[in-house]
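Let's take a walk through this structure together. Keep the sequence and the 3D view open as you read.

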Amino acid sequence: MSSGLSIALLHCLCLATCLSGPPGQSKKEEKLWPENFTSILNSLLDGYDNRLRPGFGGPVTEVKTDIYVTSFGPVSDVEMEYTMDVFFRQTWVDKRLKYDGPIEILRLNNLMVSKVWTPDTFFRNGKKSVAHNMTAPNKLFRIMRNGTILYTMRLTISAECPMRLVDFPMDGHACPLKFGSYAYPKSEMIYTWTKGPEKSVEVPEESSSLVQYDLLGHTVSTETIKSITGEYIVMTVYFHLRRKMGYFMIQTYIPCIMTVILSQVSFWINKESVPARTVFGITTVLTMTTLSISARHSLPKVSYATAMDWFIAVCFAFVFSALIEFAAVNYFTNIQMERAKRKTVKSLLEFPVAPIQREKSTEETVTSTDANSNVRKRTNATVQSEADGGSRIDTRHSSIQTPSVAQGSSDITPHSLSASSPNPFTRINASETLSSARATPPAPPSTPILTGFVSQHATAGSPSIQHLLGSRLEQIQTTTPNTLGASAKPSAVTPPAPPASHSGTSKIDKYARILFPVTFGAFNMVYWVVYLSKDTMEKSESLM
């Protein structure tokens with residue numbers, strides 16, 4: 001009996017060994033499962049309706065999302081929008097796609113996407129979104145054994161970025177990206193962040209391709225929006241941007257400051273240089289106009305003034321004030337000149353002594369001429385009485401005349417001069433004497449030239465003149481200065497002083513040289529301190 005039991009046990013072991021087979025055979029059967037994927041997918045899609053969401057009529061469908069930014073920028077201030085390139089990932093659970101098999105994840109291409117249900121996610125503030133299709137649609141679709149689905153797309157999104165440009169160009173903005181379900185309210189589908197609010201959005205440093213902005217960071221939020229069709233869950237990502245000022249400093253601020261300084265250089269130019277100062281004023285005004293127009297080209301046509309608009313407006317006011325200052329200087333200078341001219345004319349009209357003195361001077365000149373004629377007659381008589389030896393005097397030493405005769409002989413002709421003198425010696429040289437008197441420039445009436453003239457001829461001539469004239473020469477030298485001095489005193493009239501010169505620096509220019517630079521420097525100090533110390537970063541709605 002024991003032998004029979006042992007034989008039965010041996011048969012059982014042999015049967016078990018035959019049924020189990022060798023170890024490599026089970027592995028071979030597992031390797032054969034991928035060849036049957038078609039049947040697995042067909043079995044998954046058998047009776048599957050992609051028009052119905054997962055859990056239709058039951059629990060709410062939860063869609064988990066995360067974003068990986070591959071490229072951020074550019075940002076357009078004129079259009080108030082920004083562009084970025086992202087990998088947009090969505091994950092949800094569809095129990096209708098659960099399967100049993102040796103493979104944990106079914107990695108499928110984009111053709112499977114159209115055969116299953118996918119969330120109707122759209123970007124609420126997107127202006128234009130493009131799904132890349134080169135060289136094939138850039139989509140990733142995976143089904144896990146427990147029915148979890150991962151759906152990833154590569155998108156280029158152009159989204160709206162509302163900007164408040166009051167602090168431009170020292171401003172900062174929070175550009176949002178809002179997305180949610182288009183048709184399913186929150187009672188049927190909700191959105192959550194896959195890795196939590198802090199790590200669900202990734203923006204690598206190398207992905208930022210901004211020129212005018214610095215990407216400071218990002219924040220996420222979840223909000224509910226009500227509409228007539230229901231309440232919808234909206235996911236929002238805020239990208240915080242701060243503008244770089246280098247471009248605007250070079251293109252706008254520094255040229256404006258230099259233009260204002262150039263306009264104030266005209267205060268140091270002489271006020272008589274009207275063309276130079278006019279060119280300074282008009283050129284700087286036109287330059288400021290051009291700068292203000294070019295600064296507005298990179299901005300939208302907003303109805304309020306920006307920080308740069310205020311700066312340009314103040315600079316334009318300084319430049320225009322410099323031009324008005326020169327107009328005021330020129331105006332008051334002309335008024336002063338007109339007043340000086342009127343004062344000079346009035347002083348000339350109030351001076352009645354000049355004509356009377358002129359008449360007296362004429363009468364005294366004639367009297368002096370008669371006295372000199374008598375002196376000449378006495379001299380000629382002396383020469384005739386003492387010239388018995390037959391000696392002759394050269395005609396050059398006998399033609400002695402006074403400057404008074406030369407000055408007053410404009411109406412005397414050679415004929416009249418020879419007729420009035422009984423001396424034939426004087427009659428012969430009358431023409432020569434008159435011509436030399438006219439050629440001699442008239443001297444001031446207060447200068448006794450006659451004494452010098454006679455002394456010069458008496459000294460330069462031969463000693464015979466001194467011998468012939470004798471005591472008569474001393475009498476002539478003594479009498480003539482007294483006669484000329486008496487006739488010169490009444491005619492010495494002091495003319496009115498000429499008008500004072502108005503050249504130089506105006507008082508307005510002196511004050512402007514100090515007031516304008518100090519005021520402009522104070523304005524710059526207040527402007528830059530206020531705007532650089534001010535928190536101009538626009539707050540996102542989640543933080544307000």
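Predicted model: local features only at pLDDT ≥ 70, side-chain atom pairs only at ≥ 80, totals over all residues.

Residues are numbered from 1 along each chain as its sequence is written, and side-chain values use heavy atoms, with hydrogens and water left out.

The chain has 16 helices and twelve strands; helices (H or I, at least four residues) and strands (E, at least two) are DSSP runs, numbered from the N terminus. Of its 544 residues, 34% count as buried, meaning under 20% relative accessible area with a 1.4 Å probe, protein chains only (over 50% is exposed, in between is partly exposed). Take the contacts (heavy atoms within 4.5 Å) with a separation of 6 or more: residues 24 or more positions apart account for 79% of them.

How far can you trust it? The pLDDT, the predictor's confidence in each residue from 0 to 100, has a mean of 75 over the chain, and 64% of residues reach 70 or more. It is below 50 over residues 353-369, a stretch with 14 contacts in the model beyond near neighbours in sequence. Residues 479-493 are also below 50, with 22 such contacts.

Now look at helix α16, residues 507-533. Its 27 residues reach 39 Å from first C-alpha to last, close to the 39 Å expected at 1.5 Å a residue; the expected span is 1.5 Å times one less than the number of residues. There is a kink of about 25° at Arg513, shortly before the proline Pro517; the bend is the angle between axes fitted to the seven residues ending there and the seven starting there. Buried residues of α16 include Phe516, Phe520 and Trp528, and what covers its buried residues includes α4 (246-265), α5 (274-296) and α6 (307-349).

Turn to α5 and you meet α16 again: the buried residues of α5 pack against α4, α6 and α16. Among them are Arg277, Gly281 and Met288. With 23 residues, α5 reaches 34 Å, close to the 33 Å expected.

Finally, find Thr65 in strand β1 (residues 61-76). Is Thr65 buried or exposed? It is buried, with a relative accessible area of 0%. Leaving aside residues up to four places away in sequence, Thr65 touches several others, including Phe88, Phe179, Trp193 and Ser200.
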